[in-house]
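Dear colleague,

I am passing on the structure below, together with some notes on its packing. Please read them alongside the coordinates.

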Amino acid sequence: MLRPEVLEKLECPSVGMATSWTIGRKSVPFDNLEEARSLFKRNNWPFAKGKIAKSNSKAVSLREQANAAYKKDPNDTTKALQLYNQSICMAEEGSADLGLGYANRSAVYFNRKQYRECLHNIELARQHNYPAEMMSKLGDREQRVRQQLLEKDISDYVEENIPTRHCSIKSCLEVGEGGQGIRTNRSLEEGEKVLLEKPFVLVVEAELAYQRCDYCGSSNEYNLRPCKGCTAVMYCSEECQDQSFQRYHQFECEIVDDLQLLFRGPKATRMFHVTLRLFWHVVLLFLEDPIEFLRRVETPVELEKYCDPFALEPSDYVLHLLATCRDSEHNTDDIQERTGKCVSQVMAILMYVIAVEENESLWSRLNEADGSKKLPFLLFRLVQWTDRLMDHEIEGVTCFYPFTRLLRHSSTPNAKQSVEEPLQSVVVLTCPVVQGQEITTIGKE
Ligand SMILES: [Zn+2]
Ligand SMILES: [Zn+2]
């Protein structure tokens with residue numbers, strides 16, 4: 001057995017551990033997941049559980065560092081804003097330090113002549129305990145901003161209309177034969193944009209946590225707001241914060257720093273975190289109605305109904321994955337397949353123990369429900385497909401695009417896929433396509 005002190009030095013502890021177990025077993029998969037679970041002991045995982053608590057003294061220190069960075073170079077505000085954001089994340093709820101962080105951020109905007117952002121931050125400072133004795137300073141700034149705005153074009157006040165739909169797909173597209181690929185049911189011209197979709201789930205790199213929204217991934221150091229419960233994530237809007245909480249942060253907040261350790265290492269390791277975020281959708285569906293959910297996933301004719309993703313609501317995409325991602329063969333001679341299966345078994349167990357079993361509030365909810373023992377198997381099914389589901393080549397984030405991922409590759413493709421800001425996957429035809437033809441892109445190596 002690998003010693004914890006050795007594991008700790010592995011660049012990627014979780015996959016490193018899964019790989020070393022696999023090598024130790026000569027790539028023979030466990031007979032079943034329960035066997036893998038029974039061999040796994042807590043001390044195999046070298047990290048103690050723990051959550052970084054909010055701390056006003058740390059918030060003060062970060063704010064001072066931000067002030068110094070801003071003073072040093074007022075024209076380059078990236079570093080200062082990042083530190084202010086970190087300070088805002090660290091400040092305890094109800095403390096004046098939260099208000100002071102927002103107020104300092106508003107000063108940066110004032111000097112950058114970004115008046116709308118400045119006002120927004122002044123408002124946040126007021127709502128979050130900015131000290132009463134300093135309020136006149138904030139009031140002065142606000143007056144000067146309003147004066148500037150009066151002199152400027154009034155259009156500065158018009159809020160941009162941000163589309164919130166997850167994707168836009170040409171209605172002629174449908175799933176291909178045998179549930180494979182995407183084809184069109186009418187002819188299309190070269191240059192037509194056939195698919196536009198935002199990531200359904202994504203994970204932001206830890207070093208960008210104070211620059212990007214943890215839900216939509218948009219780069220926005222200006223108005224990010226912190227999670228009230230942890231120091232690791234920020235959001236660009238209340239809507240993103242609510243969506244994130246409903247869809248996964250309600251499960252992750254308590255273990256957010258444990259997850260950082262679980263998925264640390266080369267960027268590709270974050271694919272497993274995206275898989276875990278997809279798995280939270282499984283947990284949500286399960287908690288909603290355990291018996292009905294298990295009936296659906298365990299009855300083949302029921303699960304069959306989720307094979308066509310074009311006919312589904314986003315909340316059911318994960319059922320589509322469970323319906324189409326098959327477990328690998330157990331008795332295969334293919335050494336690569338056996339190795340992949342064994343690594344996936346250990347990864348799934350590790351993720352299940354750290355993220356689910358040791359997640360106190362979730363575990364007590366799950367334990368009350370019959371059938372929760374089935375959940376690790378569903379996580380395992382997703383883990384096996386991790387590398388084929390995710391796009392990890394985009395800088396700073398790892399994404400799951402439910403429709404883009406269905407496109408098959410060809411050496412003579414008829415479409416081109418690219419990712420445009422803000423993280424939108426766009427598929428454009430590079431030549432005319434006739435009715436019934438499959439849409440393909442060039443494969444990534
Ligand atoms: Zn957002
Ligand atoms: Zn949180």
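Which residues does Leu350 touch, not counting residues up to four places away in sequence? They are Ser14, Met17, Ala18 and Trp45, where contact requires C-beta atoms, placed from the backbone, within 7 Å.

This is a predicted model, in which local features need pLDDT of at least 70 and side-chain atom pairs count only at pLDDT 80 or more, while totals for chains, interfaces and linings use all residues. Residues are numbered from 1 along each chain as its sequence is written, and chains are lettered from A and ligands numbered from 1 in the order in which they are written.

Leu350 is also among the residues that touch the most other members of the largest nonpolar core, which has 116 residues (buried Ala, Val, Leu, Ile, Met, Phe, Trp, Tyr and Cys residues joined through C-beta atoms within 7 Å). Helix 15, residues 335–357, gives the most to this core, with 12 residues (helices are DSSP runs of H or I, at least four residues, numbered from the N terminus).

Helix 4 (residues 56–72) and helix 5 (residues 78–90) pack at an angle of about 165°, their axes being 8 Å apart (axes are lines fitted to C-alpha atoms over the stretch in contact, and angles run from 0 to 180 degrees between N-to-C directions). Helix 4 is therefore roughly antiparallel to helix 5, a term for angles over 145 degrees.

Gly101, in helix 6 (residues 96–111), counts as buried because it has 31 C-beta neighbours inside 10 Å, the cut-off being 20 or more. Beyond four places in sequence, Gly101 contacts Ala59, Arg63, Tyr84, Ser87, Ile88 and Ala91.

With best wishes

Note on methods. Buried ≥ 20, exposed ≤ 12 C-beta atoms within 10 Å, placed from the backbone. Helix = DSSP H or I, 4+ residues; strand = E, 2+ residues; numbered from the N terminus. Contact = placed C-beta atoms within 7 Å. Parallel < 35°, antiparallel > 145°, perpendicular 65-115°, else oblique.
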